[in-house]
Amino acid sequence: MERLWYGKGKWLKRIILLAVAAGILGILAILGMNGYIKASVADSIYTEEEVEAVPQVDCIMVLGAGVKDGEPSLVLRDRLDRGIELYQQGISERILMSGDHGRTGYDEVHIMKQYAMEAGVPEECIFMDHAGFSTYESMYRAKEVFEVKSLAIVTQPYHEYRAVFAAQKLGLTAYGTPSKKTVYQGSWMLEVREMLARAKDFVWLLVKPKPTYLGEKIPISGTGSSTEDETTAQTEEAD
């Protein structure tokens with residue numbers, strides 16, 4: 001009996017050691033992918049003080065975040081304010097609001113559009129991507145649906161690395177134009193989540209699957225009013 005339990009103990013130790021080794025390798029892989037992504041796009045990201053030096057682009061992309069009771073969250077307001085500022089600086093004549101409008105009762109992009117219009121941006125200059133369900137999908141659809149070739153991406157500084165990396169790997173000329181450095185509630189959790197998301201998108205960009213929806217072409221060179229009918233983005237499934 002003692003020998004039997006001794007044998008089981010050896011196997012249990014081996015399993016624990018293998019699990020620990022796998023965990024360490026996983027952490028090292030995540031750290032490696034994060035480091036690679038950051039180093040790859042560092043030269044394409046402008047600091048808050050450098051945004052006036054951003055080259056002219058086809059559009060300014062503002063990535064969606066949370067909305068509640070018809071109002072943008074603090075995170076989203078910071079992004080929208082930077083996007084409007086870039087528009088006023090003449091970085092582009094087009095703003096592409098890319099967010100989640102994939103379910104009844106939740107609509108990021110119309111709230112984003114309304115916010116920009118209240119700040120003086122003409123309606124025809126504001127495009128809405130109703131199916132920007134993730135950073136990856138926003139970049140994929142910018143190229144394939146809106147026929148964007150170059151863009152200035154507006155999001156928080158910690159998110160810029162992944163957004164710019166995804167855009168460049170999908171063949172876009174992309175610049176990071178971060179919103180102001182605000183300390184948000186639960187910031188450390190956002191940072192941890194972003195590290196994991198970078199690793200996920202690193203793998204995703206090796207495969208490059210189609211997004212949830214594609215639909216008809218809506219050239220960014222046209223008018224934003226063509227994006228008012230959200231059914232275009234929500235009912236046309238990817239081929």
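Trainee: Which residue forms a salt bridge with Lys113?

Mentor: In this predicted model, the partner of Lys113 is Glu228, and their closest N and O atoms are 2.7 Å apart. The two sit in distant parts of the chain, 115 residues apart: Lys113 belongs to helix 3 (residues 108-118), while Glu228 lies in the loop between helix 6 and helix 7 (231-235).

Trainee: Is Lys113 buried or exposed?

Mentor: Lys113 counts as buried, because its relative accessibility is 3% and the cut-off for buried is under 20%. Glu228, by contrast, is partly exposed, with a relative accessible area of 31%.

Trainee: How many salt bridges are there by this rule?

Mentor: The count comes to 11. Among them is the bridge between the side chains of Arg162 and Glu194, at 2.7 Å from N to O. That pair joins helix 5, which holds Arg162, to helix 6, which holds Glu194, across 32 residues.

Trainee: What else does Arg162 pair with?

Mentor: Arg162 also forms a salt bridge with Asp201, with 3.1 Å between the closest N and O atoms. Asp201 is in helix 6, 39 residues from Arg162.

Trainee: Which residues are linked in that network of salt bridges?

Mentor: The network links Arg162, Glu194, Arg198, Lys200 and Asp201. Arg162 is buried at 7% relative accessibility, and Asp201 is buried at 1%.

Trainee: Changing topic, which residues lie nearest the centre of the largest pocket?

Mentor: They are Gly64, Arg79, His159, Arg162 and Arg193, out of 24 lining residues. The pocket holds about 520 Å³ of space.

Trainee: Which helix gives the largest share of the lining?

Mentor: Helix 6 does, with five residues. By class, the lining has seven nonpolar, 10 polar and seven charged residues.

Technical notes: Residues numbered from 1 in each chain as written. Predicted model: local features only at pLDDT ≥ 70, side-chain atom pairs only at ≥ 80, totals over all residues. Heavy atoms only, no water. 1 Å grid on protein atoms, 1.4 Å probe; cavity = no way out; pocket = protein on both sides within 12 Å on 5 of 7 lines; lining within 4 Å. Points joined across faces, edges and corners; volume = space filled by probe spheres on them. Helix = DSSP H or I, 4+ residues; strand = E, 2+ residues; numbered from the N terminus. Nonpolar A, V, L, I, M, F, W, Y, C, P; charged D, E, K, R; others polar. Salt bridge = Lys/Arg side-chain N within 4 Å of Asp/Glu carboxyl O. Buried < 20%, exposed > 50% of the residue type's maximum accessible area, 1.4 Å probe, protein only.
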